Structures are given as structure tokens and as C-alpha cells.
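Let's take a walk through the charged side chains of this protein. Have the model open and follow along.

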Amino acid sequence: MAELKKEAAEGSSTAPPAAERGKNHYKNRAKKQKRNKFLKNAKSFGKRESFGRGAELEQTEYNYLVAILETMTKEKDTEERQLIANNVLGQLKGKEIRTASNQVGSRIMEDLLAYTDEETFAGLLETFAQNFRVFCCDKFASHVLQRTLYVALLRAVAPLQTDQQGEEDGEGEEQNAKKQKVGGAAERGDRSVWPCYEYCLKEQYADEHRQTCRQYVERMAKYLINNLEEFVWEATAGYVIRQCVLNLGGITEKKATNDAKPLIVPEQWHKLLHEFNVQLMAWPQFADLLGMEQTATILQDLLRALASTDDAFQLEQLIAKLFKEAFYTKKVKKEEKDNGEATVKQEEKSNLPKAFQSDSSIRLLEVCIVVAPAAFLKDKLFSKLFRGHVKQLALSRACNFAIQKLIDHTTDKDMMDMVFAELEDSMEDLLRTGHTGVVLALAKACARLACQQGKFVKNLLDALHCAEVAPTKMINAVLHLLPANVTPSTAPKIHLHGSLILQAILDFNKPIKFVTALLEMPNDRLAEILSEPAGSFVANAFVTGRFVGEKSREKLVRHLEGQYAQLTLSVHGSRVVEIMYEAGNPAQRENIVRELAEQCERLNGKPWSAKVNKRLLVDLYRRNPARWKVAIKNDAKVEKMFDKLVGGKKRKAES
């Protein structure tokens, strides 16, 4: 790691300026450094005559793989990738198992599998199918097995995605292509320079080959089901089981993401998924699965997969069994005699249900909260596990995320009232312990369910000691989540959760206190807030707030006059300028452009401010204001026609 930092520092002099870099520059650079480090280590192993971890290869074989790895670190077009994949895997024919069991060989095979032709890939599937046990139990070969399952899934179900889109609507190919990106999270999560998600879905394969891939997925699933009692306790095999379970549900990525939609898969795969569920629930040692992280994660993925199939019966069966046998235990009665502080603390801990006794069970409970039906969440999970312990759990480092999940997925106002009642006196303690996510979850729930909003604002301001202070101090206290009477040694940055809490409050039914406070702040300080990454989104919330009135929006646009040129000089502030321009009336829009025109040459020196100048026709205004008005009116007519086509939302008047 130190070497990588040193190299980065040495190369900084020749690096392009920050303005010319893409938004993913740093992520891409980190991935490239990671690849180069792996290649560097592989070469150093070869020089020491240690030919990779795992299965030992001959020197010529190892050197050949290192050369291929070096070739693969460079970007290639699709045809080159196909050629390399078929040539390399052709050379490795008969040596697949030994190569996959080597660390370098495993990495290469993983990336090449997606780009193999039908004949080569089908041969590999047959080889792997005959040696499932070997691949499942090897720490390197198991990764290759997972990738074969992933690629086979994509090749098998690709036509189903196209067919469904065509049946739902007769849109053109271009729109269909956009809708096909249902697994975009999987594409973003593919760290390889040779991404396979889009390629496998778009590439044309024969129906016979797709059928072979489908049979491979089913054959592997049946094998894992038959050996489940053995493999579920194995670390490497556990990952294969998780991959298989998710793929049977149409989920292509292991990380849970809210925007990822499952792929459409054959109905037979849902039946295989249910077999996994039935077999696991039938185990006498079912409750023991929560004791280990690797087995608990299998249950987490099984819950996610069942939720993606929309089979409420199977899903509720599994959650109910987890609740009955693993999560819920009756409270231990307190002893009548006081045996000291240690005894009291132990009794308090024992009062918590079993679900909160280990990290693995807590993570599993969080997934249950996300996928559970609303009635089960309220009547079972909340009533039996959380009620009466919400404050204690929210202040716990391990359990506060479960409270956040509970609040985020609450759809019942009565349940929200009970949660809020247990937390309303704990706001200051939550902020002091750093569990600001719980406060944010409360703010979002109050806005979403339109309940407890007044109490939330009062408790928050009391916790920050800013109920009776000047507007600037109140806004700063909320944005920084620091009490108004605390003076930090260094100027604090805007807290992300503080900004999100303020945005949620601006969506309350009566946000007038915070609207007024923002409008009464000195405009230079307000511009400073809106120029920061987290603070800039406060402008979005102010403009789009359902109960922020038209007059207040116009006041904010007017209040920032004199600061627009300075805002445009920053990346995030330039976005705020565009937001204010859209929110203002025609006269205010002209004032904004006039202010920018005075600094036009200076603003054109930054790519983001130059973009604003081009978007608002600032150069045209500087040359001929009359022509600018005509051009802007034409744009307004086009925009009005577009609004009629798509429909617009009317803003409620401010109370």
C-alpha cells in the first residue's frame, strides 16, 4: 500500500488537472493500482520460483499465465477479448482443474469465461459439472465455478428479458435497450476490466447453447441441494451456494442494492429455490445456522431471493420460522435481590431477545425487516423483538442499524408513533453517541408518513440547544449536528446526515421555521453552505418542497443575488445556480444572467461554470440582451409544450 501511495505521489506531477478528470477518476485509478499490484506480486512469485498460491504449476505454465494476465490488464475491444479467451482456454484444455486451483489461473479464467465461444464454454461446463466437489471445496477454483454459474445464468435468460419487454409494450429497440439494464448494479459492481454483464445479455447464442447453460444451472442447483448438509458449513462452498440461490431468484449481484431489479428466470428455477428453502427449514439444527457468519449470510441471500420471486407464502414461512426458533425468546426474569452493577448490566443484556445477541443474527434480522410483509413486521418483529427496547437498541453500536431499517420500512402510522414515543427523549443521546443515522431515519419517516413532525423538530432543536438562537446558528447546528453552545476548535464541515435531516424537514407539512431561518441568513454564508457537496442539495429540497410556497422560493432567488458569480465558480454551487434560475421568475432570471455576464470571462475558465454560461446563454446576453430575451422566450415555449405532453405538478400554496 505504501508503494502504491509513493507511485501515485511521484506520478502526480504528470497527472491531468482535476478539472479534466472524470467523475470516477479516483475509483478507476484505485482499481488500476489494485490490478497492477496483483500482476506485480505474480511476477515476484515467479522470480522466487514460487509459482502462485494454491495448486503448484510448472514454470512454463506459470510464465504463460503471467504474460496473459499482463495482456489482460490493458483495455481490449470485444473481438480481441474473444480471440484471447478462446486461444487461452484452448491451450488450457485438460488442465482446467489445476489451473483454476491456482491463484493466477483462477483470476484469468474468471475474466475469460464470459468471452468464450459456445463450443469452448459448453466443454468447460461439462468439465466443471463432472468435478463439482473439487471446485466447491477449493478456495481459488470455487471463484471460477461461481463465474461459470453467473455467465451461464446470463446466457440462459437473456431472451426472456427481450421477450417480456416486447410483450409489455411495443416500444422501439432503443427504448428497449435502456429498459434492458435491469441489472445495472451488477454492471457497476463488476470490477474486471473485462465486464461481462452487458456482453452476455446482448451477445447472440444458439437456442441449443442457451438450453445447455440452463441445464447447467439446474444441474448445479440440484447437486448443491443434495449435498446441502455438508456444503453449508464449508466456507468456500458456502459462497457457491449463495451465488446459486441468488441466481435462481434472478439476482445477479451479492450486495443488496435498492435499485437493482431481478432478471426474469424460468419458473423451474423458482421451484429449485423453494427446494433450498424447504430443505433448510426441515433441519433439526436450523437455529444453529445463525451462530456462524457464513451460514447466516446464506439465509440472508435466501430471503432476498425469495422476496424477488414474489412468493409471499414461502417468504413468510421462512421469516416465521426464523422468528420462532432463532429470534424470539422470552425475557429472563430479574432477580429480586440487587447483586451489584455487574449483575444489573448482565440482566439488562439478557432482557434482549436472542436476535440481538450476535452480529450475524442482527444482520439477518435486518434483512428480515426489509423483506417482511407489513403485517408481520408490525405484529411479530416489532411487537415481540423491538417494543420496549427501541431506545436501548438505538444507542447500541451493533443494533442501531436494525432500528434504522425498522424505521425506514415502517408504513403504519401507529407503529411509527410507538417507535417515536420510545426515542423522543433520546435525541441528544443519539447525537452524542454518533448514531445520527437513527435521527435521519426518524426525520424521513416523519416526512413520509406525515406524523410526529412538530415533536421531531422540537426535540431536535432542544437536543442541539438551538431553539431560541439566531437563524444562522440554528441552521449551522442542524447542518453540523453540533449543539449551538459548542464551539469547535476548527471549522466543521457540513455533516451528511445533518444536510439530509434539513432536507427532510423542508418536506414537512409546516417547514416555515426553517424556511424563514434560511432566508434570514446572510447571503454570503448561505452561498458558502450551498457551495459544499452536502449543502448544495438543501437548494433542491427548498425548491421542490411540497409545502414551501412560491413566494419563499422567489425570496430565496432574490436573497442570493450578488452571490451567483461566486457560486458558479464551484462545482456544486454551479448546479445551485441552475436550480435558482429555474425557480425564479423572468425578471429574476435576467438578474442572474446579468450578474454572470459581468464575470463571463472569469467564469469561462472553469468547465462547470462554462457549462452554466452556455446553458443560460450568458455570452449572448453580454452581446445583445434583446436577442437573449427572444431566445429565452423560445426556450420557454418549448418547455411549456413539453410540460403539457408529460404533465406537470402544481405546487401547494405556503401556509
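**Salt bridges, one by one**

A network of salt bridges links R242, D301 and R304. A salt bridge here is a side-chain nitrogen of Lys or Arg within 4 Å of a carboxyl oxygen of Asp or Glu. By this rule the count comes to 20 salt bridges. The model is predicted, with local features needing pLDDT of at least 70 and side-chain atom pairs counting only at pLDDT 80 or more, while totals for chains, interfaces and linings use all residues. Residues are numbered from 1 along each chain as its sequence is written, and side-chain values use heavy atoms, leaving out hydrogens and water.

Now for helix α12 (residues 197–202), where E198 and K202 sit four residues apart, so about one helical turn separates them. Helices are DSSP runs of H or I, at least four residues, numbered from the N terminus. The side chains of E198 and K202 meet in a salt bridge at 3.5 Å, N to O. E198 is buried at 14% relative accessibility, whereas K202 is exposed at 57%. Buried means under 20% relative accessible area, exposed over 50%, and partly exposed in between (1.4 Å probe, protein chains only).

In helix α13 (residues 207–226), R214 and E218 are likewise four residues apart, about one helical turn. Their closest N and O atoms are 3.0 Å apart in a salt bridge. R214 is partly exposed at 28%, and E218 is buried at 14%.

What about K629 and E590? Their side chains form a salt bridge (3.8 Å, N to O). This pair links distant parts of the chain, 39 residues apart: K629 lies in helix α40 (residues 625–646) and E590 in helix α36 (residues 586–598). K629 is partly exposed at 39%, while E590 is buried at 17%.

Methods: Helix = DSSP H or I, 4+ residues; strand = E, 2+ residues; numbered from the N terminus.
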